[in-house]
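Please examine the structure shown below.

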Amino acid sequence: MRTTVPPVSSSPVTVLPVDLAIGGMSCASCVARVEKALKAVPGVQDAAVNLATESARVTGGPEGADVDAADWQARLRRAVRDAGYEPRTAEAAEAAAAADGSPWAGFGPVAAGIALSAPLVLPMAAGALDGHWMLPAWVQLLLAAPVQFWLGARFYRAGWHAVRAGAGNMDLLVALGTSAAFGLSLWLWWRAAPGEMPHLYFEASAVVITLVLLGKWLEARAKRQTTAAIRALQALRPVTAHVLRGAREVDLPVAELLAGDRLAVRPGERIPADGRVLEGRSQADESMLTGEPLPVDKAPGDTLTGGAVNGDGRLVMQVSATGAESVLARIIRLVEDAQAAKAPIQRTVDRVAAVFVPVVLAIAVLTVAGWWLAGHGIEVALVHAVAVLVIACPCALGLATPAALMAGTGVAARHGILIRDAEALERAQKVDTVVFDKTGTLTVGRPKLVALEAAAAAADTPAMEGSELLRLAAGLQAGSEHPLARAVVAAAEAQGLALPALDGARAVPGRGTEGTVEGRPLLLGSLRWMEAEGAMRPATDARAADDAPAAALARRAAALQAGGHTVSALAERLPGRAAPRLLGLLAFGDAPRPGARAALQVLRARPVRLVLLSGDNRDAALAMAARLGLAADEVQAEVLPAGKAEAVRALQQEGRKVAMVGDGINDAPALAAADVGIAIGSGTDVAMQAAGITLMRPDPALVGAALDIARRTVAKIRQNLFWAFVYNLAGIPLAAFGLLSPVVAGAAMALSSVSVLANALLLRRWTPARTAETEGKP
């Protein structure tokens, strides 16, 4: 309901991202059928079904004035039901998940199948040991019938729904295969002469159903593990909060909190909502949100994130964001979106799955015909066809991609790396060039004012004191959130200077700020801007000597920049004068982020080409690059905000796959232009929205970690798809040529899905590599 798109009919379509829980899906063919049914509903623009989460995300909205959102969503649920599946409400899905919390949940049918099938298998085991005995046919029937028609009823129901919908799925294959074995046994028993004991196949039908049920139970357990990251994040949501009403504390549900409420947070409690500390000092454990293992000190003015655990101090806080706008809710939403998304490679798999079941049925028919025409009799022909039907497994195809995707994005989220969608993941594993914005990304981003240089007296103007220069600059910067502006204001406050009145300030993108302070029109910004305005000339310009004070400042600015400082200048526009008059310089110093140098070395060893973008003078940028271990040819200096995106495109035109790392509003165009945008979570919301990957803590080492988990996740997807395809390509011909019995085929089919999930779950053991600079830290 957030975005309105151009109308595709007489009435506009309001885009609604709708999530549906769906029961009854068993394989990739089910996914294709549900997607087809949902896309047939008027107003649906796209539908992506995830077998691993048993859910669907539908994008679109109601068409026509006579259809409201509730009615449209009801039509979506009806389409799912008409396709033969069960649409569930979010509450029902959550209740089912809660009920499945036990590791043995759902094992009852499997246990019953094992108990009934074991006596049927014992004669086979005895035969392997040279024993020769067989259960009477009526005993085999009594044991096999409950397995076939009670425990196996789910396959008949789901298979019937598939037939009614004009499609096929794994359940139909199992139902047909086991019914053929069961029916063949009845026919052979009926045809046998009195006293004769024919070879029956009741054990094949019973054991196949039991093995499939066992595989489904193991599959369900593995699925629950792949969603553990989401459940862990949801568990961070507190239930109640202590709201301060005067001197009293009133306990209210967190859902009723409003921005501006004052809360008390006791030692050891979870922080109920996002906000700022008003009173008290403590530490906050934010490890589940950011991956940072060490508690973070909190004092008045510091930000608090809902879901973090308060340390040993009592805090009074003011709420700034609640509900869907909180940091925790946005993290959960990002992880859910990533896990619900469909990887580009999965769409190819879906096309294969759509024709998989009909092809298998055709192969089974050909198997019967081939063996029968070869003179082996209908009994042998049917047994081999049963093996073909049972061994075919579209489940593994359907689970291969989403299982790995969920495991990878889940473990990444636990370590503070939020991946927006599957496409970002696929692009990230191809990256060969990483472009870093300097300030706030590779540097701490909290620059300090380290030097003031006021202009010397000139013929028509007296000299300005440094304190007056700082007072005017701070007045012009009051209210700005730019890091350099905050540094100026902080320096003025530290000296006890009263800030003058500001009137009509405006930001000049990529250059600085212009406004009126105490009636004086002032400019504060980059030296390049001052040179463009004519307020100063480069120290190397011969004309600079015509204005001795400005020339002295230009030489001083060059020296400060050579020392690695960022230099800004303050100037004043004067009536009757074409160029502003230079009042002085302000030099700022920033430090590299801890671990930044080691993180860059790790990236270079991958190997990845590194590029540093900076709006600073080249000398200042090179000085910082040297501290970070970067070479001169890896630095692009004096880049305006608009030029960052151009720099990214220039690298792409060289055939490179580029990741852009930034944290500010002016980085958003470059983040969007890159193949993969990586936003620092301590940065702005605009940067995070433009990025495909968000790092929840400003640690440069996480950039390499994000690329690593992307590479590993895509590798798992490819491994899973390879084995799923190879399994079917090898298993079906083996069964058709009589080299596999139905029992072995059933076991192989059950194990195929479980093996795919087990392989994906190996990603849960991944941890980011520790750099040399972080080794030894507690």
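What share of the contacts in the protein with a separation of 6 or more is accounted for by residues 24 or more positions apart? In this predicted model, such residues account for 68% of those contacts. The protein has 778 residues, of which 51% are buried. Its secondary structure comprises 27 helices and 27 strands.

Is alanine 674 buried or exposed? Its relative accessible area is 8%, and because buried means under 20%, alanine 674 counts as buried. Beyond its neighbours within four places in sequence, alanine 674 is in contact with Val648, Gln652, Val658, Ala659 and Met660.

Threonine 401 provides an example within a helix, namely H14 (residues 394-414). With a relative accessible area of 2%, threonine 401 is buried. When neighbours within four places in sequence are set aside, the contacts of threonine 401 are Ala343, Ile345, Gln346, Ile717 and Leu721.

The aromatic residues form a further topic. A pair of aromatic rings is described by the distance of the centres and the angle of the planes. The count of aromatic pairs comes to five. One of them joins phenylalanine 182 and phenylalanine 202, with 5.1 Å centre to centre and 70° between the planes; the pair is edge-to-face because planes over 60 degrees apart are classed in that way. This pair links distant parts of the chain: phenylalanine 182 lies in helix H7 (residues 170-191) and phenylalanine 202 in helix H8 (residues 202-226), 20 residues apart. Both phenylalanine 182 and phenylalanine 202 are buried. Phenylalanine 722 and tryptophan 723 also form an edge-to-face pair, at 5.1 Å centre to centre and with 75° between the planes. Phenylalanine 722 has 48% relative accessibility and therefore counts as partly exposed, whereas tryptophan 723, at 56%, counts as exposed. Finally, ring pairs link Phe149, Tyr156, Phe182 and Phe202 into a cluster.

Key: Residues numbered from 1 in each chain as written. Predicted model: local features only at pLDDT ≥ 70, side-chain atom pairs only at ≥ 80, totals over all residues. Heavy atoms only, no water. Buried < 20%, exposed > 50% of the residue type's maximum accessible area, 1.4 Å probe, protein only. Contact = heavy atoms within 4.5 Å. Phe/Tyr/Trp six-rings, centres within 6.5 Å; stacked < 30°, edge-to-face > 60°. Helix = DSSP H or I, 4+ residues; strand = E, 2+ residues; numbered from the N terminus.
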